[in-house]
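Subject: Structure handover

Hello,

Please find the structure below. My notes on it come after.

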Amino acid sequence: MTKMQDFIAGRTPPELYEAYLTPGFFTPFAEEMAALAKPGDRCLDLACGTGAVSRKLAERFGERITINAVDIAPPMLEVAKKQSSACSIDYQIAAADDLPFTDDSFDILFCQQGFQFFPDKEKAMAEIRRVLKPGGRAAISVWRPAEEASPVFAAFEKAVGRHLGNDLLPLGPFAFGKAGRLKTLAKGARLKIDALETLTLPTTLPAIEDFVLFDVLFLGRPAADGALQPVLEPEDPDGDRLIALMVEDMTQALQEFVGADGRLHAPSSTHYLLARKTPKGGLLRRLLS
């Protein structure tokens, strides 16, 4: 059995994602987002993944708010539902550029680390504005480039480039670019920008070997038919050699971030956009006031 097969141990990618990334990496940022809501809000968690933001909203407000959550990937939603079985969260399959909600539906919308994956970002931002109520708010976080976002992922990108190929870079979660692009997209959708800042929080990631095994599992190259083919097949024994080389590189680069528990404790940094849908007639009222 290879290292990757032993690591997977019959678990699905969303189950691994929930186990290895959500608790220490996504949850600190989810807590920041959830604090923006208030009792009585109808909330939308867009590209909810395994439900980190939705669960924090439910923990914080219980039945005092309404939570809808959507994602394009059914397996992610299945894990989200299992993790949220005690919470009143309405999970649905939906694409960001075609949301199944009427105009002016939500008081606040959250999109944590999903926006960078939307194929049509202009249309997705327009949909965000459409489903917000007048005066409704949007909170969108998108990772900065890896070298700015996280010393751990920066080291991983270097190891990937060295041992697996530079054509795999930048890694998808960190490929969005600079904050100015978010500003342009929001303005193009006629959203009023309240803040566009860098949010940096302490995060915890798995021990180095587990981190490499997990993240390599999600790397792929497009085949002739466009389907993504894994860079390393779990059953390929040569994968153990490449994994070992990457672990060695990262161990040398990240010693200062290895905690007593063997896990990686390091700051992570994201673009953080807070915007709102201005009430209808708002501009005219301001001009006349």
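Predicted model: local features only at pLDDT ≥ 70, side-chain atom pairs only at ≥ 80, totals over all residues.

Residues are numbered from 1 along each chain as its sequence is written, and side-chain values use heavy atoms, with hydrogens and water left out.

Helix H8 covers residues 151–163 (helices, H or I, of at least four residues and strands, E, of at least two are DSSP runs, numbered from the N terminus). Of its 13 residues, 10 are buried, so H8 is largely enclosed by the rest of the structure (buried means under 20% relative accessible area with a 1.4 Å probe, protein chains only). Phe156 and Glu157 are among the buried ones. After H8 comes Gly165, with a positive phi near 125 degrees.

The largest nonpolar core has 67 residues; Phe156 and Met250 are among those touching the most other members (a nonpolar core is a set of buried Ala, Val, Leu, Ile, Met, Phe, Trp, Tyr and Cys residues joined through side-chain atoms within 4.5 Å). A second, separate core of 29 residues includes Val70 and Ala275.

Ser269 lies in strand E9 (residues 264–276) and is buried, at a relative accessible area of 3%. Its side chain makes polar contacts with the side chains of Arg144 (2.9 Å) and Thr200 (3.1 Å). A polar contact is a pair of N or O atoms within 3.5 Å; within protein, one must be able to donate a hydrogen and the other to accept it, and residues adjacent in sequence count only if both atoms are side-chain atoms.

Regards

Note on methods. Buried < 20%, exposed > 50% of the residue type's maximum accessible area, 1.4 Å probe, protein only. Expected span 1.5 Å × (residues − 1).
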